[in-house]
Every structure is written in C-alpha cells, then in structure tokens.
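Have a look at the structure first, then read on.

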Amino acid sequence: MKGRTLQDLIAEGEHQQQDFKYEISSISKIAHSLSAFANTDGGRLLVGVRDNGRIAGVRSEEEIYMIDAAATSYCFPPVSCYWETVVEEGHTVLIVTIEKSEDRPVRAKEQDGQKRAYVRIADENIVASPVHLALWKQQNTSSGAFIPLNEKELEILQMFSATPQGFTLNQFYKKAGINRYKAIRILADYIRFGVVDMVFRDHQFFFVEKKEL
C-alpha cells in the first residue's frame with residue numbers, strides 16, 4: 001500500500017483503479033473485475049468492504065481461493081495479481097492488487113462459457129467494444145500503420161469535425177457508408193494516432209474528434 005493505511009484507501013472511494021467487494025460469491029463475476037483492471041490501468045479490490053465503505057471483513061478463506069481461480073482459470077491470459085491481508089476493527093480485509101496486462105485483451109470466462117473482455121471506466125466494469133479489441137490487436141503487432149489521406153478518408157475526418165458529439169460505432173459506419181469491419185479498423189487507427197477519442201456516455205461508446213490541449 002506504499003505507506004497508506006486501509007482507511008486511506010477506503011477514503012478514496014470506488015474509482016477507476018479501486019473497487020469495494022463485500023464478498024466474493026461468484027468466480028465468473030470476480031473475473032469481470034480482474035479483466036477490467038488488467039485491460040485498463042490495473043487497480044485494487046478491497047474485499048470485505050461494503051459499497052458505503054464500512055468494513056465487514058472477509059467471511060471465509062474460500063474467497064481467497066476463488067480470486068486465485070478467477071485469475072488463473074477464468075481469465076485468458078491469466079491475470080497477474082497479489083494480495084495482502086489487513087486487520088481493521090477486528091475484521092480481516094483482503095487487498096488484491098491487479099497489474100495492468102501487457103498482453104491484452106484479457107477475457108473473462110462467463111457462466112455460459114463465453115469469453116468477454118472488460119474495461120474499467122470510473123467505478124464500472126464495461127464490456128470492451130470491438131474497437132478496443134482491434135486497437136489492442138494493433139498494439140500487439142510489430143508492423144506499422146498509417147492513415148491514407150485519400151478523398152474518402154478526408155471526407156470521414158471532416159465528419160468528426162462537423163459532429164462534435166461524435167458517433168457510436170453503428171452511427172459511424174452508416175454515416176461513412178462503409179462496412180462495419182472497415183469502420184472498426186479505421187476507428188482503431190484514428191485512436192492509435194491521436195485523431196479520435198473514445199468516450200463512454202449514456203451507456204455507449206462514442207468516438208469524437210480529439211481536441212488539442
């Protein structure tokens with residue numbers, strides 16, 4: 001915790017790199033959190049802490065085994081994490097630190113057997129968009145990429161300037177008159193080269209022109 005107490009961490013509340021868990025009751029659900037932290041900026045789980053910050057304590061050692069199973073058997077590739085226990089107010093709290101993955105996407109195995117990647121936005125775990133997946137694929141390859149500035153590409157870039165609120169993926173490919181696959185690739189390129197930002201609002205990902213600082 002690098003000099004910070006448990007109370008210091010709790011005082012921060014839940015945010016992009018910290019989540020409170022009253023208990024671990026499902027391996028697949030905790031895998032969502034591990035995937036989200038590993039795919040974003042890493043983070044911490046405070047297990048045995050209620051959503052309001054009150055300390056309840058870890059209820060069973062089984063919760064430690066469930067976290068380990070989630071990290072090693074329900075996340076693909078496995079998630080690197082470590083934990084420590086802190087006793088506060090007579091209760092044991094488990095602090096789980098998840099490292100940002102260098103091999104994204106990290107997918108979590110769902111109860112139905114499907115594997116989905118998650119990202120952490122504010123205090124929520126959100127299913128990654130197809131553009132996230134394309135961007136990670138680009139970042140994992142050694143080959144370079146460029147944005148061809150032909151007439152069509154210039155027309156697409158002008159769309160973003162003319163639409164400050166941006167587009168969802170579906171809105172983008174319909175407006176641009178291209179197929180969904182090509183739209184995903186273009187948006188990943190634009191994000192990679194700092195032309196477009198991906199923002200989450202109204203429970204959707206929007207792609208907006210990146211503003212210069």
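**Cysteines and rings at a glance**

Cys81 counts as buried, at 19% relative accessibility (buried is under 20% relative accessible area, exposed over 50%, partly exposed in between, with a 1.4 Å probe and protein chains only). Keep in mind that this is a predicted model, where local features need pLDDT of at least 70, side-chain atom pairs count only at pLDDT 80 or more, and totals for chains, interfaces and linings use all residues. Residues are numbered from 1 along each chain as its sequence is written, and side-chain values use heavy atoms, leaving out hydrogens and water.

**Cysteines**
- Cys75 is buried too, with 1% relative accessibility.
- The cysteine sulfur closest to that of Cys81 belongs to Cys75, and at 8.3 Å it's too far for a bond.
- The disulfide count is zero, taking a disulfide as a pair of cysteine sulfur atoms within 2.5 Å.

**Aromatic pairs**
- There are five aromatic pairs in the structure (rings of Phe, Tyr and Trp, using its six-membered ring, with centres within 6.5 Å; planes under 30 degrees apart are stacked, over 60 edge-to-face, the rest tilted).
- One of them is the tilted pair of Phe167 and Phe172, at 6.3 Å centre to centre with 55° between the planes.
- Phe167 is buried at 6% relative accessibility, and Phe172 is buried at 0%.
- Phe167 and Phe172 also belong to one aromatic cluster with Phe160 and Tyr190.

**Charges over rings**
- Lys115 has its charged end over the ring of Phe76, 3.9 Å from the centre (the rule: NZ of Lys or CZ of Arg within 6 Å of the ring centre and within 35 degrees of the ring normal).
- Over the face of Tyr74 you'll find Lys109, 5.6 Å from the ring centre.
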